Amino acid sequence: MTSNPSNVMALTSNTSSKKETVAIFGTGDFGRALAHKMIQSGYAVVFGSRQAQISSLIPKGAEVLSHTEAAQKAAIIIIAIPRQHYNFLLPLAEVLHGKVLVDVSNNLKLNQYPQSNAEYLAELIPGAKVVKAFNTVSAWALQSGTLDASRQVFVCGDDKKAKQMVMDIVRALGLTPLDQGSLLAAQEIENYPLQLFPMWKFPILLSLGLTAFFFFYCLIRDVIYPYVNEKKDVSFFIAISIANRICPTMALILLALVYLPGVLAAIIQLYRGTKYSRFPDWLDKWMLCRKQLGLVALAFAFLHVLYTLIIPIRSYVRWRINSRVISQVLNNRTDPLDNTSAWLSDSYLALGILGFFLFVLLGITSLPSVSNSVNWREFRFVQSKLGYLTLILCTAHTLVYGGKWFLYASSYRWYLPSVYMLSLIVPCIVLVVKFVLVFPCLDKPLTRIRQGWERNPQYSE
Amino acid sequence: MTSNPSNVMALTSNTSSKKETVAIFGTGDFGRALAHKMIQSGYAVVFGSRQAQISSLIPKGAEVLSHTEAAQKAAIIIIAIPRQHYNFLLPLAEVLHGKVLVDVSNNLKLNQYPQSNAEYLAELIPGAKVVKAFNTVSAWALQSGTLDASRQVFVCGDDKKAKQMVMDIVRALGLTPLDQGSLLAAQEIENYPLQLFPMWKFPILLSLGLTAFFFFYCLIRDVIYPYVNEKKDVSFFIAISIANRICPTMALILLALVYLPGVLAAIIQLYRGTKYSRFPDWLDKWMLCRKQLGLVALAFAFLHVLYTLIIPIRSYVRWRINSRVISQVLNNRTDPLDNTSAWLSDSYLALGILGFFLFVLLGITSLPSVSNSVNWREFRFVQSKLGYLTLILCTAHTLVYGGKWFLYASSYRWYLPSVYMLSLIVPCIVLVVKFVLVFPCLDKPLTRIRQGWERNPQYSE
Amino acid sequence: MTSNPSNVMALTSNTSSKKETVAIFGTGDFGRALAHKMIQSGYAVVFGSRQAQISSLIPKGAEVLSHTEAAQKAAIIIIAIPRQHYNFLLPLAEVLHGKVLVDVSNNLKLNQYPQSNAEYLAELIPGAKVVKAFNTVSAWALQSGTLDASRQVFVCGDDKKAKQMVMDIVRALGLTPLDQGSLLAAQEIENYPLQLFPMWKFPILLSLGLTAFFFFYCLIRDVIYPYVNEKKDVSFFIAISIANRICPTMALILLALVYLPGVLAAIIQLYRGTKYSRFPDWLDKWMLCRKQLGLVALAFAFLHVLYTLIIPIRSYVRWRINSRVISQVLNNRTDPLDNTSAWLSDSYLALGILGFFLFVLLGITSLPSVSNSVNWREFRFVQSKLGYLTLILCTAHTLVYGGKWFLYASSYRWYLPSVYMLSLIVPCIVLVVKFVLVFPCLDKPLTRIRQGWERNPQYSE
């Protein structure tokens, strides 16, 4: 969106002010990229290398010395070499005593070693102050200045002053340091860049499973049944008709699953009479991925809208409408406008539009930059009040849509009810329970419990 | 979107470095959550409590002492107790002398007390340095690590050093401190978490009022009039037809209202010959909520698009089209293609699409993270140039749509003009005045005034 | 979205703590706005002015002194006067010795002077420490508190301590300082606020050029050809039919152009056997504007979706469908459902919907706040894996759509192939080459090269 002027920033000139010197061990990609950025930001950089010669790739302005000489020149030494080679530092233990060693390494797999690289380094050189940092930043991003992915640099270490020094460098490079506590956090920090959407795993697996189930369910009801019973080949239903039956079903069920854990938590709290006992683990995990569940639901709703809007363009639909008109004409018959069906059709469409609109609004407020600019009261208002309104509208949309078919025998093919009936189970349960919980006789004690009141208090101040 | 590694971060280990000690008075939810987070970030925490016993809820690693002992151990004391109990601090005044007291309290209502809690605290313990902070953060968010709502911590206080110390803690916890000046700002800061979209109040009330007005207007014209005059029951128009008349009207009027204050301000500046006299209050307020007005307008435009796109799916529309075809056939008549109406229909649709596209673009650039990454020139280009283009396209869309009906007598039912005629009044005024203001004879003096020139200068440097 | 409490923040009270004093030379708009904000944040402000009188516009709490007196009172002096008047500082050189001078000036044109204003200032007063800052912030934004556009303040200077002092002030005002290195960076920083979407220039010019080309191409094929050959006036095709042919074409070509440079880079790296030689300049530039190209492509795809969805509302389309029905009826003929064409129509619509859905997902993840909250592995997964899937789906959508027409002679009017055939050239090339590159015999060496392996190593550690 913007061109960062630092991309093309000039190297620092000779200035009167004394610049801090930082040593970098290792002249690989990352070490060089970091050196490049540091020189831009006014640091003096010396490389520690086995052969003290200047390669063409070393950024201009950086010196290349032996490891010992480099270490003597700087208070902060960045260890930009792989963990396997850390033991070459052992002979340097004396010169590294009291220095700040910055471990920037990453592993190839989650929990590759029992001990984090930074802790291993701290064990090797006990006299040094080890700080973990910079492992979340890529060399390419540093060099090109296009820090599209995270600018956050997680920093941890046991020595507070050493950590502060490293965080100052992070800030000077235009990145955002985040203090993660002691070196015990290093394992977490080293695992972070290896993660692939960990919070999304459950919602996506769940929706894949449900989607597969509903696909086969619809396949049986809508393609195989007519083929067996009427010898009609409607296999082309798979592309759109069935997809447009799965998407709204998934959207509604997932949206209801966003609000189900809150309702369960309320019941548990009411039953236990306190908020100070932990929820079961599965409920905790479920509550933490509600946002992701909601966004997957929104994705399905978005697909449902697109699938619905292109209905009139489908050649099958055009053919069906035309053949109905033609049959009317040939039978010399003009159907009058059915006011009830006009009402039903218009109101389920209107409910769907309003529901989708609120759903999109919920999605927008869950964008990090938007949710960061609202306070807690506003955030809860949107996610809870507007969220329930969305759920009510979407459930009503489905109810009105399917209303008249509930009682038709033709809706049950091979005793299988239509998919939209299945989709209504969870949302209706959530709405009914929530409706019950809103009654004062339950709402009042719940509010008191959430303010810290306990039925059987365990401690008091 | 991402899992913050700090959620599962390890508690700090015994380290050689000396950790700063922070005292917390009050072992309620918030005090404990704050302690938990601080211990993670490497602080030593002591609780000051009436009974010096360790409750199971106190985070591991925290000591519980008497208030006096706790206060003696730390330079910074966090007062995590309700305002009503502040007076219990009076006997501690001596030991609190010179300490930094952090007021984290919130009230239940806006301006509940004439004096902010922090100022009251400063008055109680005049020897202490009171800093207001952390009141915008929720205990639940601190503990679960899901800081979806604001990470911003507003900080204020009269002592700059004390403020700096507190802001360092805020930063260490991974939050963003925002210095708000002296303790006089505490009232504002305490009101902040109680606000519910204060900037949105006026735009939303305005649009609710206008929506209600247009709803009844349309109800009379489109439902009651045909019922009275032709005994036709078209009450189902309410769900979609009328909604789709209100939405575009609202979108256009609100969009024009975004640009009206700018035009008024230009006229006032031209008339007064200076930019250094304040605008009337209502104009100032109006200008500050232009973004919100624009976003509400975009919401209406979005609804209008959805309502329009589902038109061909409505059973009423299908019936109308079919019955027209059938009547043509029965009368053995084939209407030829009317080139003019094809042009009109296509061009008003095209204008609407382009207008909506630019409108969405404007909406995207007003997302905080996007508007933060453009410079002022770019922001003004988008919001002013693209904004006016959007207004022109949307007005043209409405003009072309309704063009041919302006002169038909049938457009006036009970002397009420159609809604789209009403919707054109404000946008046309804005565009005409803006067009006049673009002429050099007015544009040149206006530009000079905006650069600081005054017709009757009051002062000169 | 939020009301910043600082808008209405109270001025600082008399406090016991000593406040830092900042001098501001120049009482123009920007100087006053800065003073206003600084006083709010607890600084003492003195203005240096030629006439030491208090104008009504000077914020309350600020003193107005002579330049010399003001300079003596403060360690930091903000030079808020235009560059042309800098030479009036010459007589003050002695009193300015050792002071931090903050250059906040902007120019009217890019590279207006051969030397940046800050460097010119440093040359004029060699004894002072010049720091460039605040030029990206507008006076209006400072005063109204609505910092919608960038809160980033680029800071550069040769003296590290001076820079640090200025960055502390920036932070205290609630803005984000970004250290850009030495004073050599000042030129870049002064150019920054004058830029108008520099990264977007190439993508937008390219798409304008291609759009114009395709417009005339379609005009000839779809409007002029039928007019010449069949005397049919279908000029109204311009508004929607042709627009809806250009938009998908542009979207597909631009999307392919996002992935073409990556494929070219891979070929170059394989050919050279190293990643350490620079790419040609055009390729570097191309790679840096891939995000912008992709977003322009998404805009065209969005327009294509809107143009497609309103098809059934167009009066021309309604007329065409109706006349087809009528002709069927009059000929007493009922066309049976063509299963193949139902499959084709449904599957190209489904492919289009899925492709657009993924495209929107890509767009959302390129929002700054979203891309900031994912790690590199996740970012690359989305932009590369999902991106290629999008390209495959969109190409398949076009192929299925046009499939049956490829061989019809009627598709070639005046030997001109249909536009969608042209649109397929680039995407098909990209996909074929990418497919070849995925084979292990090429993928393995490429991966090794990207990890730093060189066929003919130039240096080794």
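Let's start on helix H8 of chain A, which covers residues 201–230 and includes A:Val228. Keep in mind throughout that this is a predicted model. A:Val228 has a relative accessible area of 44%, so it counts as partly exposed.

UniProt, in an unreviewed entry, lists a "transmembrane region" feature for several spans of chain A, including residues 204–228, 248–271 and 347–365. Residues 248–271 of chain A are 100% helix and 0% strand, with their end C-alpha atoms 34 Å apart. Residues 347–365 of chain A are likewise 100% helix and 0% strand, and here the end C-alpha atoms are separated by 27 Å. The unreviewed UniProt entry also carries the feature "domain: Ferric oxidoreductase", placed at residues 249–383 of chain A. In the model, that span is 79% helix and 0% strand, and its end C-alpha atoms lie 21 Å apart.

A:Arg377, A:Lys385, A:Lys434, A:Arg450 and B:Lys201 form a positive surface patch. Within this group, A:Lys434 sits in helix H17 of chain A, residues 425–438. A:Lys434 has 31% relative accessibility and therefore counts as partly exposed.

Charges also meet their opposites in this model. Side chains of opposite charge can pair when their charged atoms come close. Over all chains, the structure holds 30 salt bridges. One of them joins the side chains of A:Asp346 and B:Arg314, with an N to O distance of 2.7 Å. This pair crosses between chains: A:Asp346 belongs to helix H13 of chain A (residues 339–365), while B:Arg314 is in the chain B loop between helix H11 (290–309) and helix H12 (315–330). Are these two partners buried or exposed? A:Asp346 has a relative accessible area of 0%, so it is buried. B:Arg314 is buried too, because its relative accessible area is 4%.

C:Arg278 counts as exposed because its relative accessibility is 61%. C:Asp281 is exposed as well, whereas C:Asp284, with a relative accessible area of 23%, is partly exposed. Back in chain A, A:Asp103, A:Lys132 and A:Glu190 are joined into one network by salt bridges that share partners.

The backbone deserves a visit as well. A:Asn111 has a positive phi of about 50° although it is not a glycine. You will find A:Asn111 in the chain A loop between strand S5 (100–103) and helix H4 (117–124), and its 48% relative accessibility makes it partly exposed. In chain C, phi is near 70° for C:Phe134, again a positive value in a residue other than glycine. C:Phe134 lies in the loop between strand S6 (129–132) and helix H5 (139–144) of chain C. At 1% relative accessibility, C:Phe134 counts as buried.

A:Leu142, part of helix H5 (residues 139–144), is 105 residues along the chain from A:Lys37, yet their C-alpha atoms are 6.7 Å apart. A:Leu142 is buried, with a relative accessible area of 2%. The other pair is A:Lys60 and A:His36, which are 24 residues apart along the chain and have their C-alpha atoms separated by 8.0 Å. A:Lys60 is in the loop between strand S2 (44–48) and strand S3 (63–65) of chain A. With a relative accessible area of 69%, A:Lys60 is exposed.

Definitions and conventions
Residues numbered from 1 in each chain as written. Chains lettered and ligands numbered in written order. Predicted model: local features only at pLDDT ≥ 70, side-chain atom pairs only at ≥ 80, totals over all residues. Heavy atoms only, no water. Patch = residues over 30% accessible without salt bridge, like charges linked within 9 Å, V, L, I, M, F, W, Y side chains within 5 Å. Areas by Shrake-Rupley, 256 points an atom, 1.4 Å probe, with all protein chains shown as cover. Salt bridge = Lys/Arg side-chain N within 4 Å of Asp/Glu carboxyl O. Lys, Arg positive; Asp, Glu negative; His and termini not counted. Charge placed at Lys NZ, Arg CZ, Asp CG, Glu CD. Helix = DSSP H or I, 4+ residues; strand = E, 2+ residues; numbered from the N terminus. Buried < 20%, exposed > 50% of the residue type's maximum accessible area, 1.4 Å probe, protein only. UniProt positions renumbered as here; feature names shortened; annotations may be inferred.
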